[in-house]
Amino acid sequence: MPLPTAVSIEHARHFYAEELCRANRITSPAICSAFATVPRERFVGPGPWIIQTGGSSWFTEDGDPRRLYRDALIVLDESKHLNNGQPSLWAIHLDMLAVRPGDQVLHLGCGTGYYSAILAELTGPAGKVTAVEIDEGLAARARVALEPWPHVTVIHADGSRGPFDPADVIVVSAGATHPLPAWLAALKPEGKLLFPLTSTRGPGAMAYLTRKSAGNFAAMIRGSVFFVDFAGARDPEVSSELAHALKRDEGASVRSLRCDPHQPDESCWLHGNGWCFSRRPSINAQSE
């Protein structure tokens with residue numbers, strides 16, 4: 001491979017973004033532009049890198065940034081099972097979130113900040129992204145890497161603990177067994193929450209919530225995903241029940257998240273303490 005130039009790296013980044021959108025049928029110009037703009041090499045450290053895809057992993061031949069522009073995981077810390085995240089997975093789910101210019105976004109578990117930068121591109125300079133990371137070293141790396149986006153603030157903190165400022169969008173980048181009250185409380189009216197809903201064993205799914213009233217949210221559970229655990233957002237008993245619920249129908253029947261007191265009944269897909277993923281439509285949600 002010829003020596004990289006700024007032009008060739010930019011070309012690789014644009015091709016990568018176009019392929020992500022084409023292969024995943026994403027028509028949003030904003031998503032394509034964000035992935036074509038953010039330099040992935042700022043967030044993964046110097047190469048060579050460990051690439052993971054299709055169940056296998058290997059070292060790149062060198063530190064040429066063009067090798068990063070593929071739909072694959074880039075290992076950040078092999079001992080902690082931390083990686084840069086699957087671009088196609090996040091492109092698909094961020095497209096469904098429809099982040100708008102000017103949105104106030106909370107990103108929990110931001111790692112080194114690559115997807116915080118993608119979110120910052122989607123909100124534009126009129127928006128704000130608050131990126132929270134519990135690992136002090138990762139937070140420090142994210143703070144440096146995100147300097148070109150002054151509307152991003154990186155905080156070294158536990159993302160399972162609030163209170164948080166009101167947010168139009170909350171994105172969680174580690175697996176939880178249930179939604180946390182602090183996350184729900186931070187959502188503005190019609191605010192959206194995206195988080196991986198994962199049990200201890202087996203694949204999880206991505207949960208989308210949209211606030212419809214104080215204690216009622218439209219909900220959708222989709223996909224098959226694997227994420228590291230979100231410390232502070234895990235409950236062993238709920239994890240076991242969640243595994244059974246996902247095995248039944250992968251969350252396809254879920255229509256809402258209820259936070260009103262009620263006894264478990266046949267409409268409850270997964271009933272927890274103060275929350276319930278329900279098969280009932282959300283209040284104010286339009287019937288399909």
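Here are a few exercises on this predicted model, each with a worked solution.

Before you start, note that residues are numbered from 1 along each chain as its sequence is written. Because the model is predicted, local features need pLDDT of at least 70 and side-chain atom pairs count only at pLDDT 80 or more, while totals for chains, interfaces and linings use all residues; side-chain values use heavy atoms, with hydrogens and water left out.

**Exercise 1. Find which residues touch the most other members of the largest nonpolar core.**

Step 1: A nonpolar core is a set of buried Ala, Val, Leu, Ile, Met, Phe, Trp, Tyr and Cys residues joined through side-chain atoms within 4.5 Å. Buried means under 20% relative accessible area, exposed means over 50%, and partly exposed is in between (1.4 Å probe, protein chains only).

Step 2: Look through the 45 residues of the largest core; Phe35 and Ile118 touch the most other members.

Step 3: Helix α4 (residues 114–123) gives the most, with seven residues. Helices here are DSSP runs of H or I with at least four residues, strands are runs of E with at least two, and both are numbered from the N terminus.

Step 4: Zoom in on Ile118. Leaving aside neighbours within four places in sequence, Ile118 is in contact (heavy atoms within 4.5 Å) with Ala34, Phe35, Val38 and Leu94.

**Exercise 2. Work out why helix α3 counts as largely enclosed by the rest of the structure.**

Step 1: Go along α3, residues 87–97, and pick out the buried ones: Pro87, Ser88, Leu89, Trp90, Ala91, His93, Leu94 and Leu97.

Step 2: That makes eight of the eleven residues, so the helix is largely enclosed.

Step 3: Check what comes after α3. Ala98 follows, and its phi is positive, near 55°.

**Exercise 3. Decide whether the ring pair of Trp90 and Phe227 is stacked or edge-to-face.**

Step 1: Recall the cut-offs. Rings of Phe, Tyr and Trp (its six-membered ring) pair if their centres lie within 6.5 Å; planes under 30 degrees apart are stacked, over 60 are edge-to-face, and the rest are tilted.

Step 2: Apply them. The centres of the two rings are 5.9 Å apart and the planes stand at 85°, so Trp90 and Phe227 are edge-to-face.

Step 3: Trp90 sits in helix α3 and Phe227 in the loop between β11 (216–225) and α7 (236–249), so the pair ties together parts that are 137 residues apart in sequence.

Step 4: Trp269 is buried at 3% relative accessibility, and Phe277 is buried at 0%.

**Exercise 4. Compare the positive phi values of Arg25 and Glu190 with how exposed each residue is.**

Step 1: Take Arg25. It isn't a glycine, yet its phi is positive, about 55°. Arg25 belongs to the loop between α1 (6–23) and α2, and it is exposed, with a relative accessible area of 78%.

Step 2: Take Glu190. Its phi is near 65°, again positive in a residue other than glycine. Glu190 lies in strand β9 (residues 187–197) and is partly exposed, at 46%.
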